[in-house]
Amino acid sequence: MNHRLMRCLERIGMALLCALPGGMALAATQVLVISGIGGEAQFDARFAQWSQKVATASATATGDPHRVVTLSGEGARREAVQAALRSAAENLRDGDQFTLVLLGHGSFDGSEYRFNLPGDDITGTELLALLDKIPPTVLQLVVNATSTSGAIAERWVRPYRVVITATRSGTERNAPKFGGYWAEALSSAEADRDKDGTLTAQEAYDFANRKVADAFKSDAAIASEHSRINGTEPSRFVVARLGAGAMFANDAQLLAMRNEQGVIEGRLAQLRAQKAQLSQDEYFDRIEPALVELAKLGVRIDARLAVLGVNTGGTPNAAR
Amino acid sequence: MPRAEHSHRRMKWLHGLPLALLAAVSCQQAMAVDIDYDARRSAALRRCDDPQHHGRVEEARNCYRPLLRDGNALTRAEAAFALGDLRTANDEFRVAVADNQRAVLPRLRWGKMYLEAGQPADAERLFKEAVEIDGKDVGALLALASLGVEPSGEEPSAEDQPTDEAADGIPRVLAENPNLVEAQLLLARLELARGRFDNAVKAAQRALQLAQQQKLPPLEAQTLLAAVEVVRHRDPAQWTRAALEYNPHYGALFETLGTVEVRRRRYVEANVWMQRAVEVQPDLWSARREFALNLMRLGRIAEARPHLEAAYEGDPFSTTTVNTLRLLDSLAKFDVIKATQPAMNLQLNKQESATLGPYVEQLAREAINTFSRRYGYQPAGPVTVEIYPDHDDFAVRTAGVPGIGLLGVTFGDLVAMDSPSGRKSGDFHWGSVLWHEMAHVFTLGATRNRVPRWLSEGLSVFEEWTTGPTPGVAITSKVLDVFKDGKLLPVVSLDNGFMQPTYEGQVQMSYDQSGLACLYASQRWGFPRLVEFLRAFNDENTTTDAAVRSVFKVTPEEFDKGFQDFMRKRFATYLADPKRWAELMRRAHAMLDARNWVAAREAAQAAIDVLPEVTTGGSAYEVLAAAEEGAGKPEAAIVALQSWRKAGGWDPDGLRKLGSLLLAAKRNAEAMEVLAAVNYADPLAIEGHDRLGQLLLEQNRGADALREYRVLLALQPLDTAAANFGMARAFRQTGDNSRARRYLLESLDTAPNYRPAQKLLLEMTGDQKQ
């Protein structure tokens with residue numbers, strides 16, 4: 001089964017799950033954002049701004065701002081970090097998702113990575129031990145946007161855990177730009193490449209990674225950071241929802257239409273599997289009817305959203 | 001050329017690179033026509049020198065060969081040197097020096113060989129050793145002085161002028177030894193380099209007379225006399241005939257004349273001499289190389305290659321030859337776009353031809369049309385524009401070696417320049433550089449390359465200010481400080497500011513002064529008169545002095561006085577108290593940092609009032625805009641940035657800021673124009689093309705929008721759905737529904753629920769209503 005088809009079926013499944021009667025347990029997403037010590041005012045301000053942006057955008061993915069915990073400044077001491085991770089390990093249930101975002105400075109002495117916090121730093125080994133206490137039935141995404149974060153990339157990855165690092169290795173020590181672009185991605189329509197209103201970890205990573213490369217290129221400078229993504233299927237993680245995406249969970253009509261979308265997208269995915277065997281014209285001729293169906297459905301969805309008081313915009317420009 | 005052979009040759013260039021391997025690599029050079037004037041030269045060598053100096057090559061070779069077995073190491077070394085066997089010569093010179101640690105002559109001749117091989121640093125080391133051994137040795141003093149006679153580069157700097165050692169040392173030697181041919185020749189070269197032609201002729205004539213008296217070859221004296229004739233736009237036939245009568249294969253004569261013309265940027269004229277050099281002495285490898293380089297300046301790349309390859313085979317030690325061959329190999333990575341009406345060849349790296357090409361073509365076309373109209377001149381053939389993403393490639397293209405500090409050069413109808421991709425965004429405005437260089441194409445062409453350097457540069461700067469993509473008289477305060485100090489040059493000697501600068505930064509000052517002089521002339525007499533002034537140089541005997549008198553009807557002194565009055569009037573406020581402007585700028589920035597918007601605004605506005613021409617490096621306009629925005633006055637910020645732009649401001653971040661402020665104020669048409677201007681400063685940034693495309697579509701400019709989206713796609717954006725959707729909209733607006741559908745479906749294939757694209761699909765399929 002190809003990746004796109006998988007995603008479509010997952011979407012159908014998610015919609016059905018959301019439509020279950022009340023009282024049944026729903027999969028939850030929890031996000032922990034930790035902003036480390038900056039050392040200088042400019043870095044403190046920068047990291048605080050990034051963490052705020054990540055937290056705000058993450059709430060669109062969790063559907064509940066209370067499921068986003070932010071530790072920053074003096075609140076991001078080692079003990080607080082340990083407590084927050086222990087709490088996550090205790091409260092997360094099978095099928096839940098957990099995202100950890102680390103912003104700030106890291107260091108690596110050749111054998112041990114450290115995340116720089118007010119007071120005592122926390123080591124990579126300690127963080128890994130805390131993460132490993134979270135049940136393996138919980139899908140986990142770790143975004144370590146600190147300097148030298150590449151040092152932990154392979155060590156932290158698990159079948160159920162995707163690890164994104166700002167740097168390729170522990171030797172890339174400059175304060176990375178990656179975290180800022182990750183934060184930007186979470187509210188960027190440009191990052192949502194398939195324009196489905198949900199931003200996956202893969203999409204956000206691709207956006208941030210490209211922005212970092214472009215920034216160095218624009219400065220005609222040699223890139224001092226190279227981000228990495230380790231682990232399987234990062235597209236399983238929804239890290240933010242854009243526009244009216246968050247409305248769907250609360251309206252039965254929208255959910256029903258989302259299900260219809262899923263079915264049509266499933267057909268499209270099957271056609272895409274044949275793409276390599278077809279000429280471009282043949283391929284376009286085959287997908288066009290399904291795309292027209294989706295477009296008509298889009299009109300109905302917009303009409304429903306308008307009834308709910310959401311203006312998706314009447315013209316292409318405004319909609320973008 | 002077949003690929004395998006191509007690769008093989010490339011490897012050979014690489015092997016040839018390390019110059020210092022002279023001692024380790026065997027090489028059979030052509031017999032150099034080296035003339036040793038030193039009276040200490042042995043009689044045995046002199047016997048062989050005679051046929052060599054007369055161009056009787058085989059006779060000379062047969063004479064030198066037995067000397068390779070001579071009992072004296074210096075004689076063996078000289079014989080090997082004369083036969084072109086530099087490796088053996090190098091070994092033998094080393095032996096000669098080892099045999100006598102205090103010997104001066106072997107060091108001088110060994111150094112001369114290094115000079116011939118293009119290793120002046122090694123030559124200098126040996127000459128200095130010789131002077132240390134015997135500070136009174138005339139040969140050693142002259143050898144050392146000879147190193148500082150002529151400029152070394154294409155673009156002179158203060159360091160490239162005749163050194164004090166040369167300027168003082170040569171006359172000092174001559175004072176005690178007035179009959180030394182070599183000293184008179186050096187003096188002639190020195191005076192030629194300084195532009196004192198009468199003195200150069202006098203010294204060369206004396207050298208010629210002495211050579212004839214002393215039965216030494218007259219060739220170098222005749223060459224210098226011919227060179228002066230060329231510089232004076234006169235026929236040097238008298239001297240070339242005489243030299244060829246003495247030695248029919250004396251290629252150095254014509255190579256020198258070609259070099260003189262290259263220094264004056266008269267590449268077509270230089271080519272004639274270079275070609276004759278190669279004809280009379282095909283194995284003069286330096287001439288083959290210079291001929292090839294000049295052919296490249298004229299855009300005749302295919303013709304250049306065989307000469308370069310021949311030069312490499314004969315002399316694999318030349319850095320210039322090796323670098324240029326490698327550059328030619330790398331041209332496979334370039335696209336050549338041939339455009340018509342007007343005819344243009346655009347050579348761009350394949351990786352950026354799709355992104356830069358549309359803008360280069362558009363601006364080059366605009367430049368050709370503008371300058372054809374303004375100067376009443378049409379280039380005969382296509383204008384070639386070469387853009388190099390790697391600055392070192394551009395440098396090699398320009399000067400044969402990497403590391404020059406230029407952004408663009410013009411060789412007649414050929415412009416070569418740096419690509420914006422090779423520099424930090426905001427470092428340079430490629431559009432203005434192209435505009436500047438394209439103006440040279442016309443000022444050089446309209447005068448058959450006879451325009452003086454200052455006027456050609458001045459008009460290019462003037463065109464940047466008045467018709468280019470960044471209109472506005474943008475200068476730095478430095479040129480006003482130089483003016484105040486009385487260091488700007490009189491118009492008749494303004495060329496010296498470019499060709500023989502005497503202080504650091506004078507070349508840049510001369511650009512500004514020349515631009516301001518053209519601005520002054522244009523304002524006082526009108527632009528048509530300025531064009532008439534330019535065209536006066538079509539007469540090869542016209543000087544700046546004569547042209548000023550005949551066209552402007554004033555004396556050069558009156559011109560200078562008028563220019564000074566113009567400067568004093570235009571920049572009166574700044575000149576009254578230069579320190580005040582600097583203080584205002586400091587205060588404006590400090591207040592902005594302190595978020596004291598009112599104080600920052602006041603200081604910035606006062607700085608603008610003092611010197612509105614400064615638009616770069618955190619200009620007062622940008623401070624003012626930031627202060628206005630900080631104070632919650634976006635409309636005032638727009639006004640500040642528009643004034644900045646009008647004054648010549650172009651920094652891409654500033655333009656983007658202005659664009660976003662205009663968009664926020666719903667002034668879309670103005671925003672569109674501003675965002676389009678970003679492309680001439682920073683075209684390779686992904687951001688902005690989509691927005692500009694949308695704005696162009698709003699204005700029903702589908703074809704222009706198509707350009708933006710094509711560029712965007714060539715930049716390989718992540719968001720291909722949006723880019724393809726933009727293409728679809730642009731094609732639809734231009735009436736090409738078939739391609740519009742294809743791009744639309746491409747967009748929706750990536751993003752099936754992309755609402756704007758869905759709406760267009762329904763519109764195009766007639767399914768809007770259900």
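Helices here are DSSP runs of H or I with at least four residues, strands are runs of E with at least two, and both are numbered from the N terminus. This is a predicted model, in which local features need pLDDT of at least 70 and side-chain atom pairs count only at pLDDT 80 or more, while totals for chains, interfaces and linings use all residues. Residues are numbered from 1 along each chain as its sequence is written, chains are lettered from A and ligands numbered from 1 in the order in which they are written, and side-chain values use heavy atoms, with hydrogens and water left out.

**Stop 1: a helix end.** Select B:E116, which sits in helix α6 (residues 105-116) of chain B. Is B:E116 buried, exposed or partly exposed? With 39% relative accessibility, B:E116 counts as partly exposed; buried means under 20% relative accessible area, exposed means over 50%, and partly exposed is in between (1.4 Å probe, protein chains only).

**Stop 2: chain A.** Color chain A by secondary structure and you'll find ten helices and eleven strands. Its domain assignment (bounds like these come from an automatic or database assignment) gives domain 1 (24-241) and domain 2 (244-309). The C-alpha centres of domain 1 and domain 2 of chain A are 32 Å apart. Of the 320 residues in chain A, 50% are buried. Chain A exposes about 13,800 Å², and 53% of that comes from carbon and sulfur atoms. These areas use the Shrake-Rupley method with a 1.4 Å probe, and for residues only the protein chains shown count as cover.

Stop 3: Switch to chain B, which has 40 helices and five strands. Its C-alpha atoms fill a box of roughly 105 × 65 × 50 Å along the principal axes. In chain B, 57% of the 770 residues count as buried.

**Stop 4: the largest core.** A nonpolar core is a set of buried Ala, Val, Leu, Ile, Met, Phe, Trp, Tyr and Cys residues joined through side-chain atoms within 4.5 Å. The largest one has 132 residues, and B:W430, B:L434, B:M438, B:F533, B:F552 and B:F559 have the most contacts inside it. Apart from that core lies another, of 47 residues, including B:A145, B:A200, B:L257 and B:L284. Go back to B:F559 and show what surrounds it: beyond four places in sequence, B:F559 is in contact with residues including B:V491, B:Y520, B:W525 and B:F552. Contact means heavy atoms within 4.5 Å.

**Stop 5: a threonine in a strand.** Select B:T410, in strand β4 (residues 408-411) of chain B. B:T410 is buried, at 4% relative accessible area. Show side chains, and look at B:E437: its side chain makes a polar contact of 2.6 Å with the side chain of B:T410. (A polar contact is a pair of N or O atoms within 3.5 Å; within protein, one must be able to donate a hydrogen and the other to accept it, and residues adjacent in sequence count only if both atoms are side-chain atoms.) Leaving out residues up to four places away in sequence, B:T410 also touches others, among them B:Y267, B:H440 and B:L444.

Stop 6: Select helix α13 (residues 237-246) of chain B, whose buried residues are B:W239, B:T240, B:A243, B:L244 and B:Y246. They cover an arc of only 155° around the axis, so they are on the same side of α13(B); the arc is that of the directions from the helix axis to the C-beta atoms. An α-helix has 3.6 residues a turn, so residues three or four places apart point the same way. The face turned away from the buried side of α13(B) carries exposed B:R241 and B:E245. Show α2 (43-53), α11 (197-213), α12 (219-231), α14 (251-263) and α15 (267-280) of chain B to see what the buried residues of α13(B) pack against.

Stop 7: Most residues other than glycine have a negative phi, and most peptide bonds are trans. Zoom to the bond from B:Q341 to B:P342: this peptide bond is cis, with omega near -5°. B:P342 lies in the loop between β1 (334-339) and β2 (344-349) of chain B. Last, select B:R595, a residue other than glycine with a positive phi near 60°. B:R595 is in the loop between α30 (578-593) and α31 (597-610) of chain B.
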